[in-house]
Amino acid sequence: MDTINLAGTWGFALDPQNIGVEQQWCTRVLPDSIGLPGSTDEGGYGEPTVEIDLLRLNRKRRYQGVAWYRKLVTIPSCWAGKRLCLFLERCLWETQVWVDEHPVGSENSLSTSHVFDLTHWLTPGTHAISIRVDNTAQVDLGAWSHAWSEEVQTIWNGIIGKVEIRVADAVYVHCVQIYPDVVNRKVVLAARIDNHTGERATGTLKFEAALPECDAIQTVSLVWESDQPSQMVRGELELGDSAKLWDEFDPNLYQLTTHLSANTGSLAFRSQRHDRFGLREFRADGTRFRLNDYYIFLRGTHDAGNFPLTGYPAMDKAHWLHIYSTAKSYGLNHFRFHSWCPPEAAFEAADEAGVILQAELPFFGIGATPIGQDVARDSFLGKELQRILDAYGNHPSFCMMGMGNELKGDYEVLDALVREGQQRDGRRLFTTVANNAAEPQVGIRPRAGEDFYVAHEARVDGIRHLRRCELIFNHQVPETMSDYGYTLDAIDIPTVSHEVGQWEVYPNYREIPKYMGVLAPRNLEWFRKSLEDSGMIQQADDFVRASGALALALYREEIERSLRTPNYGGFQLLDIHDYPGQGTSLVGWLDAFWDSKGLIAPDQFRRFCDSIVLLLRMPKRVYETQDGFTGIVAVSNYSRSRLENLTVVWTLKDSAGRTRIRGHIEGSTVEQGTVTNVGTIEFPFHDFESAERLKLELSIGRTAISNAWDIWVFPQTMGTVIPTDIWMTEVWDEEVEQRLRNGGKVLFIATHARRSEATMFTTPFWNTQLFPNQPKTMGLWCDPRHPALTKFPTDSHSDWQWWDVFLGAKVVDISTSPSRLAPIIQAIDHPLRNHPLGLLFECSVGKGRLLVSGLDFMSNMDRRPAARQLLASILAYMHGNDFNPVTEWPLDAVREHLKTEGTDLRSLGANSI
């Protein structure tokens with residue numbers, strides 16, 4: 001097919017008052033110029049912005065309204081009688097086109113190309129093509145649809161993909177839809193032939209299919225004739241018994257070449273077109289997904305279309321290949337496009353990378369008129385569904401389709417869309433909506449007719465349960481026994497958990513220089529300035545590493561809990577990379593550019609996120625020396641085959657890396673598509689006399705498959721003895737002050753102090769701007785070498801052994817304390833505030849020595865072995881010669897900070913707890 005590439009400089013004008021149609025701007029030379037493909041932001045047009053919006057990245061320029069683009073084109077005489085179409089690959093939102101002064105029509109798809117038939121007007125010679133682009137809301141999609149939103153993909157104006165005139169003969173193959181038949185190793189072909197001659201045409205279609213690396217070519221020829229403007233020609237192409245299938249491991253792609261030979265009386269037409277396809281079948285088999293002849297578990301991530309340099313999606317395949325290869329390096333095989341549909345390049349790249357895609361209609365219900373109450377909008381969604389299926393239907397990666405995210409209203413409208421999709425295109429699976437819990441009256445269960453179900457919420461005996469851990473990690477003792485099987489009862493289609501994770505990481509200010517495009521990181525710059533003003537900018541990297549390590553521990557358990565669930569469809573993380581909108585949700589271990597934050601290497605991540613994963617079910621992560629360990633070893637097998645005669649080797653190592661106990665489990669068989677318990681590990685802890693962090697490593701013999709878990713063991717004690725020279729109390733009173741005046745030592749438990757506030761074990765969920773009613777700390781940072789911590793095994797960040805330590809804990813805001821007061825254990829404050837927060841800090845008060853703890857060492861200590869051990873370490877430090885705080889804090893100022901509010905408070909001295 002011949003083309004005229006229209007990329008380059010176009011005449012341009014903004015039309016904020018929308019007067020261009022009335023004044024016939026299509027007949028004028030426009031006063032400005034701009035480059036296409038591109039956006040008005042990239043061209044330097046729109047209102048300059050100066051405000052700082054902490055909710056998201058900030059556009060440097062902003063424009064919503066009408067813009068005009070005009071270009072002269074010359075049509076050669078040899079194209080007389082041919083079909084000429086203007087192809088605009090992606091626009092936001094409505095386009096109208098004129099040739100010279102003649103109106104051609106309008107298009108308004110957010111998901112597919114805008115195509116205009118210009119044959120009648122583009123006669124040989126020079127013509128002006130004028131395009132009016134209106135990026136204002138054409139129907140009500142709310143403010144958060146990722147196809148039209150300022151949150152990540154900005155509300156840009158322009159044309160960002162291919163801009164060209166495509167030329168075809170008057171008889172040509174408009175499109176070919178390719179329907180794989182894996183069982184019979186063939187494809188069913190449906191070719192649409194357009195005939196614009198007005199005469200009867202006859203001819204042949206020859207189809208040739210080949211793999212690029214193979215010499216073999218399969219062919220079939222069909223004879224056709226028609227006197228209609230459009231004719232569907234159907235046939236079958238046998239690929240042979242040795243045909244190669246497409247899947248996540250081997251994404252084999254066939255090239256289909258279609259040769260057209262046509263005659264209309266005295267005129268003859270010859271042309272060809274090229275399409276790619278994969279021979280694959282993606283279907284629901286009970287509660288599991290099946291890809292060809294094996295079960296597949298979706299290890300997915302959410303994608304909102306955030307491209308921080310351009311403010312719009314990448315339109316080149318290389319960019320998408322980089323994204324997919326990065327995700328696959330971390331063991332993922334699936335992308336969910338939240339309330340938007342990516343461009344052609346994204347599908348092409350996924351085809352090559354072997355990634356399963358879920359596209360969605362561009363609708364997110366927040367702030368929008370409910371489904372069924374806006375006829376124009378609902379009609380638009382129906383048309384958009386048809387356009388998406390027709391445009392991208394041949395891509396083997398396009399396996400799943402949803403009608404939007406968290407929608408409210410009449411779900412029968414969504415049911416009808418699902419039926420329309422199923423009837424129109426059986427190559428993929430359909431669901432109504434991601435997370436129907438937004439409309440509780442639908443019952444928080446799959447809809448009749450859905451092929452699969454995306455939801456993180458479930459109702460079990462009328463009680464709300466989640467298929468993610470936001471309500472679990474801060475409230476249940478850490479363990480690795482649980483899974484989500486109990487939430488799947490009475491569900492008979494595959495279930496995928498929605499938006500799993502969302503654990504925030506402290507901002508990485510080192511990425512700020514990367515923002516060289518249309519978006520300014522003013523939110524990040526504000527956060528950085530806040531940290532500078534608090535005097536902690538030197539700790540920025542520590543905060544990233546510490547909060548990131550905790551977030552990764554949480555993500556890991558999210559993933560393993562999903563993998564431990566039998567007969568499960570999979571999970572969709574939110575997100576492996578940052579979402580720089582909706583309150584600045586920096587929830588990834590990759591930044592918004594898909595670059596690593598240095599928190600974990602891909603090969604380490606794949607130990608717990610891959611097609612084959614070793615799992616360990618253990619009832620807790622923290623033990624006492626009198627306990628025995630019992631763990632159940634399981635294997636999650638979503639490779640393509642059964643695993644037979646496995647030998648699982650296990651090794652228990654101490655903190656010095658020495659092997660203390662080892663064993664093996666032999667002869668195991670793990671069926672494909674299952675998570676199977678293969679054996680039990682048992683051993684005692686009585687040989688460990690001091691607190692220890694141990695590592696239990698599993699590996700499958702003769703393979704590189706391995707996994708490992710830290711477990712902590714603490715000595716059995718009936719209580720912690722408080723030395724006679726230490727006064728331990730949770731009430732600030734005259735007794736405390738007198739002891740300090742007399743040179744005594746005080747351990748003050750500040751959980752009721754005036755300037756204390758709530759904390760929690762996890763980092764915040766999503767972010768603290770959108771979810772302000774949650775504790776806002778982001779884990780802790782400490783120096784493990786500090787003598788107060790030498791008897792408590794820890795890294796510089798929170799890990800699972802800190803869970804019971806955090807029970808009842810408070811942080812103390814020490815932003816008005818002496819500047820040299822550096823906490824021994826510091827809670828990381830959220831970036832909206834960046835105050836220094838102490839969980840454990842020390843100072844001298846007059847002659848006395850004071851150590852303040854926001855950690856609760858007074859409550860339920862008999863059930864908190866880690867808290868007891870940390871307290872023992874702190875008391876040993878205070879009793880010894882190292883406890884000599886150098887920072888002085890006047891008694892009056894300390895009293896103002898730490899005076900207590902509440903009743904029934906306790907003091908302990910020369911006692912045990």
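Helix 7 gives the largest share of the lining of the second largest pocket, six residues, where helices (H or I, at least four residues) and strands (E, at least two) are DSSP runs numbered from the N terminus. The model is a predicted one, in which local features need pLDDT of at least 70 and side-chain atom pairs count only at pLDDT 80 or more, while totals for chains, interfaces and linings use all residues. Residues are numbered from 1 along each chain as its sequence is written, and side-chain values use heavy atoms, with hydrogens and water left out.

The second largest pocket has a volume of about 630 Å³, and 24 residues line this pocket, of which Ala553, Arg556, Ile600, Asp710 and Asp799 lie nearest its centre. On a 1 Å grid over the protein atoms alone, a pocket is an open set of points where a 1.4 Å probe fits, with protein on both sides within 12 Å along at least five of seven lines, and lining residues have an atom within 4 Å of a point; grid points are joined across faces, edges and corners, and the volume is the space filled by probe spheres set on the points. The elements that give two or more residues to this lining are helix 7 (540-563), strand 43 (692-700) and strand 44 (706-714).

Strands 40 and 41 form a hairpin with five residues between them, and glycine 657 in the turn has a positive phi of about 85°.

Elsewhere, six strands form an open, antiparallel sheet in the order 3-2-8-13-10-11, with strand 3 (32-36) and strand 11 (102-107) as the edge strands, each pairing on one side only. Five bridges join strand 2 (residues 8-15) to strand 3, and glycine 8 has leucine 36 as its bridge partner in strand 3.

Among the buried residues are Phe347 and Asp351. Helix 3 is followed by glycine 354, whose phi is positive, near 75°.

Note on methods: Two strands pair if DSSP finds at least two bridges between them. Buried means under 20% relative accessible area, exposed over 50%, partly exposed in between (1.4 Å probe, protein chains only).
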